[in-house]
Amino acid sequence: MSNTKAEKGAAIIMLLFILGLGLTSYLLKSADPTILKRDRAQKTMQSLGDAKQALIAWAVNNSVNLGQLPFPDRARGGGYDGFSDCNPSGTAFYDPASYRFLIGKLPVYGQTSPCVGQQVGLGLDNNNDLDNRLWYAVSRNVVHQYEYLSADSRSNPIINPSIIHHPNYPWLKVLDRNGQLVSDRVAAVIIVPGNNLGSQSRADGATPDQFLDGFTKHGVQYANSDYDSADEDFVMGDSFESIDPHDVSFSQPYLFNDQLVYITIDELIQAINKRVLAESKWLLRAYERNNSAFPNAADLHRSTLQSNRYVAGANQSGFVPFDVTDDCDCESSERCNCRFGVIDSVTMFRYSGTWKSAEDMGACSSTLKASGQECLCTGAGSCSRTFSTQSTRFSCDASGLCAAHNLVENINNKIIYTLPKYADIHQASNGCQILKDTVQCNAAGDFQISLREATWIKQNNWQQYIYYAWSPTRQLQVGRQQHLSALLIAMGDPLTSELAVNQARPSSLITDYLDSSENTDGDAIYESVLKKASINYNDIILIVSP
Amino acid sequence: MKLIKNHIKQLGFSLVEMAIVLVILGFLLAAVLLPMQAQRHIAAQLTTEAILEDAKRALIGFAQTHGHLPCPATNNGTTIFPDDSGTAHANASGICVAQAGFLPAKTLGLQAVDEQGYGLDAWHNRIRYSITKANNDAFSKPTGLYEVGIAALTPDLKVCATVSAAGCTDRIYLIDNAAAVVFSLGATANQGSGGADENQNLTAPSNTTFISHPITTSASANGEFDHMVTWLSPYVLYNAMIEAGQIH
């Protein structure tokens with residue numbers, strides 16, 4: 001009896017049913033619309049995150065003015081064409097009181113000529129669809145000053161830690177769904193406009209209100225499209241899908257589906273700080289490679305703003321000596337003193353008479369040039385020509401003291417210095433003059449050598465925000481890292497009195513620059529590089545060597 | 001006999017009944033499976049997007065750690081390491097053996113790989129990867145980027161919205177200074193047999209211009225295109241390397 005039942009195939013049918021059920025549930029799960037919707041939402045947030053990252057990275061790599069952000073694409077002259085639209089004065093678009101230049105789509109390409117340099121795009125890779133791009137609003141503090149036509153650097157804002165608390169214009173604000181302040185130090189806002197709501201129509205060139213939304217809560221109106229003042233507020237509202245149509249706290253219909261992220265000026269300055277530190281580190285290490293020692297620091301203890309000039313002796317902490325790292329001088333066109341390492345080479349051009357190459361010694365070599373006979377030295381050595389017992393000679397010792405002896409004629413002779421890649425000539429005076437990347441001395445004179453820092457460092461006064469210390473005996477310590485040769489600290493903006501600290505700069509006190517007792521007690525030990533920023537601490541430490 | 005006949009009749013359905021049921025089942029299955037297939041295709045695209053995103057993050061992480069980007073993996077059939085493996089293939093100076101090749105997933109420590117260690121997309125095709133040779137191969141040499149410095153670096157990979165007779169001009173490029181390009185051949189994996197835009201992406205071995213746009217069919221002007229292209233912005237790369245102290 002039981003055999004007869006088995007032959008009816010109930011077990012197989014049951015097995016097939018279970019298999020079918022499993023297959024169906026697998027297929028349904030793999031194509032679950034909820035999962036796909038969640039993935040889409042995740043992608044949207046990733047787009048916003050990528051855009052934020054790209055904007056900060058673009059600003060940190062802005063070769064024209066470090067930290068400066070691009071203008072939005074404003075649909076100027078041809079719709080939203082992907083180009084960042086600046087505002088040349090003198091055109092019909094010019095209005096210094098208007099803020100409409102500061103909101104538009106996130107640009108894909110470089111700046112529209114002629115206002116702003118750095119004609120390159122953001123390089124963001126989610127811009128395949130030009131019709132569905134992110135929106136972007138930027139503070140007037142961090143874009144080219146559009147009230148000036150000139151594209152030169154004077155029309156760019158000075159961006160350094162001081163603008164965090166002392167901006168030229170109030171920062172943008174971001175509010176939450178209840179209108180409560182989230183941040184009032186916003187440098188830029190990036191918005192996903194979402195799909196059209198209500199009567200929005202997004203034809204090419206449509207105004208911001210056709211993309212960006214707003215709502216009214218408890219009678220107060222909030223909108224993301226009405227950027228008309230320096231301290232404009234943007235709102236992180238809830239999507240219309242999650243608001244009850246009967247919620248009386250909102251004016252109905254509630255039509256809002258913008259999603260936004262923002263960049264605070266603190267975030268931007270934090271990122272720029274690291275670029276400045278990296279640039280300074282490279283210069284100092286290049287100097288150290290050539291000289292087997294770091295340069296002396298510039299004076300921190302001063303009451304007025306001065307140039308960042310090294311202090312002779314053994315000054316091992318202070319500012320980075322961007323302006324002057326070394327002095328050189330010449331007594332005449334035939335005798336100069338400049339240390340090898342600080343310079344790459346010294347060349348004496350002898351107007352008349354020749355050297356005998358067979359007599360070249362050490363690190364000097366002679367060559368006959370159309371302009372005269374030259375002797376090039378990269379270290380201790382000499383060029384000479386011996387007649388009978390009389391020897392005409394140009395020689396340098398290891399310290400860089402170079403002099404000519406027994407020249408037949410001393411008219412039109414000159415000494416020319418070439419510098420390492422990291423160095424520049426700060427100033428030359430009297431018989432010395434700057435010739436492109438070299439210094440020529442044809443009479444008694446002197447010159448100063450500086451670090452060849454990027455122009456944006458001093459253009460934005462960053463030389464006043466970087467502390468530097470070095471130790472010839474590797475006595476420095478950062479956190480638990482010992483035996484360090486050199487370090488840098490980005491000092492940040494002065495801490496304010498409301499935080500129980502009142503730093504004032506310029507100052508003769510290190511406590512007005514650095515923030516913790518460990519950093520200001522004058523010993524060789526500093527805080528860990530991992531110490532978190534707080535309201536009482538904004539130092540960023542970078543180990544330079546080893 | 002009559003009893004037996006009735007008994008047999010009760011054991012199953014007639015052919016007509018079965019045919020009707022099968023037709024109805026066919027309609028029902030088609031109604032369910034066709035949209036499901038489209039959704040599975042979208043899911044595969046999303047997965048590939050995520051893989052490409054992971055690849056970008058891994059490239060940046062590699063640069064933060066090593067100070068340069070890895071070279072593409074190569075495949076010439078010799079089976080001599082590091083060729084024919086998912087390993088970055090550079091010569092002793094750090095210059096890439098091939099500018100355009102495959103994502104070196106083994107070097108990057110990525111998971112979705114085939115037996116040889118090449119990175120795969122959601123359709124199990126190898127992911128392509130190209131690196132700029134600008135500044136005398138500074139982007140792949142161990143200390144190349146640090147020595148040259150951000151201000152002097154000029155990566156030169158371009159990504160355009162379409163192949164154009166006028167070239168990849170500033171009116172149509174999405175980026176003209178990418179450090180690296182990573183792309184999937186898409187669902188159709190037409191290697192060289194797609195439209196003009198797909199062919200451009202596969203112009204080996206020293207292609208510096210790539211095409212990226214939404215999917216198009218063979219009926220469109222530049223033919224079928226379903227490559228999924230992403231790229232490494234120099235600014236994002238430099239910024240990450242600044243954080244790691246690998247560039248100035």
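**Close-up views of a two-chain predicted model**

**Figure 1. Chain B in overview.** Of the 248 residues of chain B, 46% count as buried. The model is a predicted one. Chain B contains 7 helices and 7 strands, and from its N terminus the elements follow the order α-α-β-α-β-α-α-β-β-β-α-β-β-α. Among contacts in chain B with a separation of 6 or more, 64% are between residues 24 or more positions apart.

**Figure 2. Chain A in overview.** Chain A has 546 residues, of which 51% count as buried. The secondary structure of this chain consists of 7 helices and 25 strands. Residues 24 or more positions apart provide 62% of the contacts in chain A with a separation of 6 or more. Chain A exposes about 24700 Å², with 52% of this area coming from carbon and sulfur atoms.

Figure 3. The volume of the second largest pocket is about 790 Å³. Its lining is made up of 39 residues, and those closest to the pocket centre are Q270(A), N273(A), A533(A), N538(A) and I540(A). Four elements each give at least two residues to the lining: α4 (162-165), α5 (265-291) and β25 (540-545) of chain A, and α7 (234-243) of chain B. Helix α5(A) has the largest share, with 10 residues. By class, the lining of the second largest pocket holds 20 nonpolar, 9 polar and 10 charged residues.

**Figure 4. The largest cavity, lined by residues of chain A.** The structure holds 1 cavity of 30 Å³ or more. The space in the largest cavity comes to about 30 Å³. Lining this cavity are R140(A), N141(A), Q145(A), P157(A), N168(A) and Y169(A). The lining of the largest cavity divides into 2 nonpolar, 3 polar and 1 charged residues.

**Figure 5. The disulfide between C396(A) and C402(A).** A disulfide is a covalent bond between the sulfur atoms of two cysteines. Over all chains, a search of the whole structure finds 7 disulfides; this view shows one of them, the link of C396(A) to C402(A), with an S to S distance of 2.1 Å. The torsion about the S-S bond of C396(A) and C402(A) is about 115°, and the disulfide is therefore right-handed. Both C396(A) and C402(A) are buried.

**Figure 6. The disulfide between C432(A) and C441(A).** The sulfur atoms of C432(A) and C441(A) are joined at an S to S distance of 2.0 Å. The link of C432(A) and C441(A) is right-handed, with 110° about the S-S bond. C432(A) counts as buried because its relative accessibility is 4%, under the 20% cut-off. C441(A) has a relative accessible area of 0%, so C441(A) is buried as well.

**Figure 7. The disulfide between C71(B) and C96(B).** In chain B, C71(B) and C96(B) form a disulfide with their sulfur atoms 2.1 Å apart. This disulfide is left-handed because the torsion about the S-S bond of C71(B) and C96(B) is about -85°. C71(B) and C96(B) each lie in the loop between α2 (15-66) and β1 (100-102) of chain B, so the pair ties together parts that are 25 residues apart in sequence. C71(B) is buried, and C96(B) is buried too.

Figure 8. E147(B) belongs to helix α5 of chain B, which spans residues 144-148. P70(B) lies 77 residues from E147(B) in sequence, and the C-alpha to C-alpha distance between E147(B) and P70(B) is 17 Å.

How values were computed: Residues are numbered from 1 along each chain as its sequence is written. Chains are lettered from A and ligands numbered from 1 in the order in which they are written. This is a predicted model: local features need pLDDT of at least 70, side-chain atom pairs count only at pLDDT 80 or more; totals for chains, interfaces and linings use all residues. Side-chain values use heavy atoms; hydrogens and water are left out. On a 1 Å grid over the protein atoms alone, a cavity is a set of points where a 1.4 Å probe fits but cannot get out, and a pocket is an open set with protein on both sides within 12 Å along at least five of seven lines; lining residues have an atom within 4 Å of a point. Grid points are joined across faces, edges and corners, and a volume is the space filled by probe spheres set on the points. Ala, Val, Leu, Ile, Met, Phe, Trp, Tyr, Cys and Pro count as nonpolar, Asp, Glu, Lys and Arg as charged, and the others, Gly among them, as polar. Buried means under 20% relative accessible area, exposed over 50%, partly exposed in between (1.4 Å probe, protein chains only). Contact means heavy atoms within 4.5 Å. A disulfide is a pair of cysteine sulfur atoms within 2.5 Å. Accessible areas come from the Shrake-Rupley method with a 1.4 Å probe; for residues, only the protein chains shown count as cover.
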